[in-house]
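Please keep the sequence and the 3D view at hand while reading.

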Amino acid sequence: MILSIFLAVLLAALVTHSDAKKVALTWDLEMGDDILDVNVDDVLELSWSGTGLYDHNVIIHKSLTCETTPGEDNPISPNESSVGNVAFTFTDEDASVGGKEMFFSCDYGNHCEMGMFLMVKVYPKGCSICGEGQVVGNAGAIYDFNGSEMTCEALEKSGQRGQIPLDQCGTSLSSLVTDICGCETVPTLPPSSTDQTSDGVAFGIPSFATHSP
């Protein structure tokens, strides 16, 4: 499970967000403490299939901890069950430029305290600085952005997190950074390479090669 969340975070940093993505994770007692980055309109899908020993639910905690706040928490799947599937779509209200935190918890028994929670940071709609269908190939190259020197990797992450206006990110900016940042088309991988089914993560990871500037 920790690997699946790591892959989801990696995807959020590397691929274009011109289209919303779905991050599908297995909801279990070993979620780990990684933070998942998502954008507005992305969908988080949590699914579980128990053996009859454990029931689960999904509650969004206002406290951002395992502590419940009656009347203010968001019970998106309040009824405990041994088998379940929940899809949550992030909206503008969930996001902020710096990343607004949301805490997903299982409130059955002491499951949250045992590690069954997921911290998510929600950013506004983002895009690749290279433009739709493109990714940065020269991650370590330095680009002067508004008087500040940034690596292409850092600049791309700012774009993915919605910290660069959309009217600049994929249009005027892409024409300036293409040569420096080595913009390249997202490769199409065969289904056997893109489907991560063991933990429910269904996406492909594009090449993000590092070249010398």
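1. In this predicted model, Cys 66 and Cys 112 are joined by a disulfide, with their sulfur atoms 2.0 Å apart. The two residues come from distant parts of the chain, since Cys 66 sits in the loop between strand E4 (56-61) and strand E5 (74-81), while Cys 112 sits in the loop between strand E7 (100-105) and strand E8 (117-123), 46 residues apart. The angle about the S-S bond is -85 degrees, and the link of Cys 66 and Cys 112 is left-handed.

2. The two ends of this link deserve a separate look for their surroundings. Cys 66 has a relative accessible area of 22% and is partly exposed, whereas Cys 112, with a relative accessible area of 2%, is buried.

3. Cys 130 is found in the loop between E8 and strand E9 (134-135), and Cys 183 in the loop between helix H3 (166-181) and strand E12 (184-185), so the bond ties together parts that are 53 residues apart in sequence. Cys 130 counts as buried at 7% relative accessibility, and Cys 183 counts as buried at 17%.

4. Cys 152 and Cys 181 form a disulfide as well, and here the sulfur atoms are 2.1 Å apart. This pair links distant parts of the chain, with Cys 152 in helix H2 (residues 152-160) and Cys 181 in helix H3, 29 residues apart. The link of Cys 152 and Cys 181 is left-handed, with -80 degrees about the S-S bond. Cys 152 counts as buried at 0% relative accessibility, and Cys 181 likewise counts as buried at 0%.

5. How many disulfides does the structure hold? It holds 3, and each bond of this kind is a covalent one between the sulfur atoms of two cysteines.

6. Why is the sulfur of Cys 106 too far for a bond with the closest cysteine sulfur? The closest cysteine sulfur belongs to Cys 112 and is 8.2 Å away, whereas a disulfide requires the two sulfur atoms to be within 2.5 Å, so the sulfur of Cys 106 is too far from it for a bond. Cys 106 also counts as buried, at 0% relative accessibility.

How values were computed. Residues are numbered from 1 along each chain as its sequence is written. This is a predicted model: local features need pLDDT of at least 70, side-chain atom pairs count only at pLDDT 80 or more; totals for chains, interfaces and linings use all residues. Side-chain values use heavy atoms; hydrogens and water are left out. Helices (H or I, at least four residues) and strands (E, at least two) are DSSP runs, numbered from the N terminus. Buried means under 20% relative accessible area, exposed over 50%, partly exposed in between (1.4 Å probe, protein chains only).
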